[in-house]
Amino acid sequence: MLPGTPRRRFLALLLLAFVPWTVLVIDRGVTVLNGLFPLFVLDYNPGLTQAVRAIPTWRFFLSGGGIPRNPELWPASILLYLLALASASVRAAFDRGDPRFTGGTLLLAGLAGIGVAFSFAHRLRYTPLPVGSLLACALAWWYYWPAFQAKRE
């Protein structure tokens, strides 16, 4: 028996889309990488401007943000998260699908997101914080771990 209803699990995964997956503290500025908006990076640097800027991802990489050491992890984490969200939505709407698939893809999305965060750690002034990635792992454990422990007949 999984905790929560399928609809509640879907809503939890949907809310995860609005949480910053990786927060980069660069000097006194903050840059946010979000799983839902992979085409833009949110940047706030109080030394330059008081406004939050939405920088296209390609420009972030080309103009000083730099490509992380494992750039393939970022799209992989987004794809895995979208697969988990789609699986949870099918389960909530039609009561179909295997919750182990949802939990597994969510856990892999979180682990890939942690890899994205720490791929920026080699830079001296960067402090990566994998906020949403850790939340994705926690949701996978909280909602879907019992599905992995249940005995199959």
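This is a predicted model: local features need pLDDT of at least 70, side-chain atom pairs count only at pLDDT 80 or more; totals for chains, interfaces and linings use all residues.

Me: What makes a set of points a cavity?

Reply: On a 1 Å grid over the protein atoms alone, it is a set of points where a 1.4 Å probe fits but cannot get out. Points are joined across faces, edges and corners, and the volume is the space filled by probe spheres set on them. The count is 2 cavities of 30 Å³ or more.

Me: Which residues line the second largest cavity?

Reply: Pro6, Arg9, Phe10, Ala88, Arg91, Pro99, Thr102 and Tyr144. A lining residue has an atom within 4 Å of a point. Helix 1, helix 3 and helix 4 each give two or more residues to this lining. Helix 1 gives the most, 3 residues. Helices here are DSSP runs (H or I, at least four residues), numbered from the N terminus.

Me: How does the lining of the second largest cavity divide by residue class?

Reply: Into 5 nonpolar, 1 polar and 2 charged. Pro counts as nonpolar and Arg as charged.

Me: Why is the Trp145 and Phe148 pair called tilted?

Reply: Rings of Phe, Tyr and Trp (its six-membered ring) pair if their centres lie within 6.5 Å; planes under 30 degrees apart count as stacked, over 60 as edge-to-face and the rest as tilted. The centres of Trp145 and Phe148 are 6.3 Å apart and the planes are at 40°, so the pair is tilted. These residues are 3 apart in helix 5, so about one helical turn separates them.

Me: Why are Trp145 and Phe148 called partly exposed?

Reply: Buried means under 20% relative accessible area, exposed over 50%, and partly exposed in between (1.4 Å probe, protein chains only). Trp145 has 42%, so the label is partly exposed. Phe148 has 40%, so the label is again partly exposed.

Me: What makes the 17 residues a nonpolar core?

Reply: A nonpolar core is a set of buried Ala, Val, Leu, Ile, Met, Phe, Trp, Tyr and Cys residues joined through side-chain atoms within 4.5 Å. The largest such core has 17 residues, and Leu13, Trp21 and Leu139 are among those touching the most other members. Helix 1 (6–16), helix 3 (73–94), helix 4 (99–119) and helix 5 (131–149) each supply at least two of its residues.

Definitions and conventions:
Residues are numbered from 1 along each chain as its sequence is written. Side-chain values use heavy atoms; hydrogens and water are left out. On a 1 Å grid over the protein atoms alone, a cavity is a set of points where a 1.4 Å probe fits but cannot get out, and a pocket is an open set with protein on both sides within 12 Å along at least five of seven lines; lining residues have an atom within 4 Å of a point.
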